[in-house]
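Please consult the sequence and the model below alongside the text.

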Amino acid sequence: MKHLIATVCFAATVGFGAAMLGAQDANIISAAKREGRVVWYSVAGESQQLAREFEKKYPFVKVEVVRSTVYPLLTRILNEARAGNYLFDVVRQSTFTIGVLIEKGLMQPYESPERKGYSAGWKDKQGYWTSTDDNYFVVGYNTKLVSEREAPKGWEDLLLPKWRGQIGLDPDNHLLFGGLEQSWGRDKTVAYFRNLAQQQIQFRKGNTLIAQLIVAGEYPLGFVYGHRVELLKSQGAPMDWVSTMNPIITTGGPLGLAAKATHPNAGKLLIDFVLSKEGQSQLRGFYRIPSRADLDPLSAKLDPRRLKLLPMSPDLAAREEDWKKQFRAIFGIQG
């Protein structure tokens, strides 16, 4: 009898919780209908496509996407705030710039019901942000020039004499320094990068460009995005990437609600959609790596359970300038 009562009580509790969640959703949808519009500031190239899919599902809300790159968008938001203009409802920024917006009081917590599908490291405890998709900084290589057996397996392998003058790297990838510092500590990281600097690194601006140059055979390997390699592979390019690096530095795509949103309910509805399995599946279809943990990966090789991922947190935003200074000083990069 005790077990029966407990079972009935549990079922009632679950049913009550589901009913409350349904009521919450209905209230948000009803309020979003009245607002009729949401303004989305974003650095993600796929935002416009996601907005169109959202509008198909919720035709009573029109999405205005303001697309820019990371720092110009940050500057725009800060300048607007200084002028007392709070024009965006939702923002998708980069890992560290979302930290700046939170610090400035320009974001508010929203505990989307979809956040339950995300692991620690891909969301904060307070509800200010949840990551939409990931960038895995991996070592990609040209399979016509380097076999899988010959490819580096770990960070130390990049210091082998055979890779001197053969490694491509974006001069703005100081997050590699920051990530390894989080894993190894400052002294070991500085020593490692000083050794890496002796390898005559080939600097080129842009991770996508580096991937293209590797495919073209300009050099055999370099640091690129894992999802970019998978896309190129799907198109028949002679390229693959190293999945055994420990750690693999990872940045996310934090999404959050503006502190002074004009259309807060439409904003919440948009956030729910982007974080949902439906929205995340859309992102995966664009050959991005969805952050949602309970979704199948883009490819078996990109399965996060098989990789030693180190997600960088927006809480580390204050450290970025120091990492950039250290990285550029070690490699002698000007500017």
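A residue is called buried when its relative accessible area is under 20%, exposed when over 50%, and partly exposed in between (1.4 Å probe, protein chains only). By this criterion, 50% of the 335 residues in the protein chain are buried. The model is predicted: local features need pLDDT of at least 70, side-chain atom pairs count only at pLDDT 80 or more, and totals for chains, interfaces and linings use all residues. Residue numbers start from 1 along each chain as its sequence is written, and side-chain values use heavy atoms, with hydrogens and water left out.

**Overall fold**
- The protein chain contains eleven helices and 14 strands, taken as DSSP runs (H or I, at least four residues, for helices; E, at least two, for strands) numbered from the N terminus.
- Its radius of gyration over C-alpha atoms is 22 Å, close to the 20 Å of the globule rule (2.2 Å times the number of residues to the power 0.38), so the chain is as compact as a globular protein of that length.
- The C-alpha trace spans about 65 × 60 × 40 Å along its principal axes.

**Helix H2**
- In helix H2 (residues 47–57), the buried residues are Ser 47, Leu 50, Ala 51, Phe 54 and Glu 55.
- These residues line one face of the helix, because they fall within an arc of 140 degrees when seen down the axis of H2; the arc is that of the directions from the helix axis to the C-beta atoms.
- Their cover, judged by contact (heavy atoms within 4.5 Å), includes strand S1 (37–42), strand S2 (62–67), helix H9 (264–275) and helix H10 (277–285).
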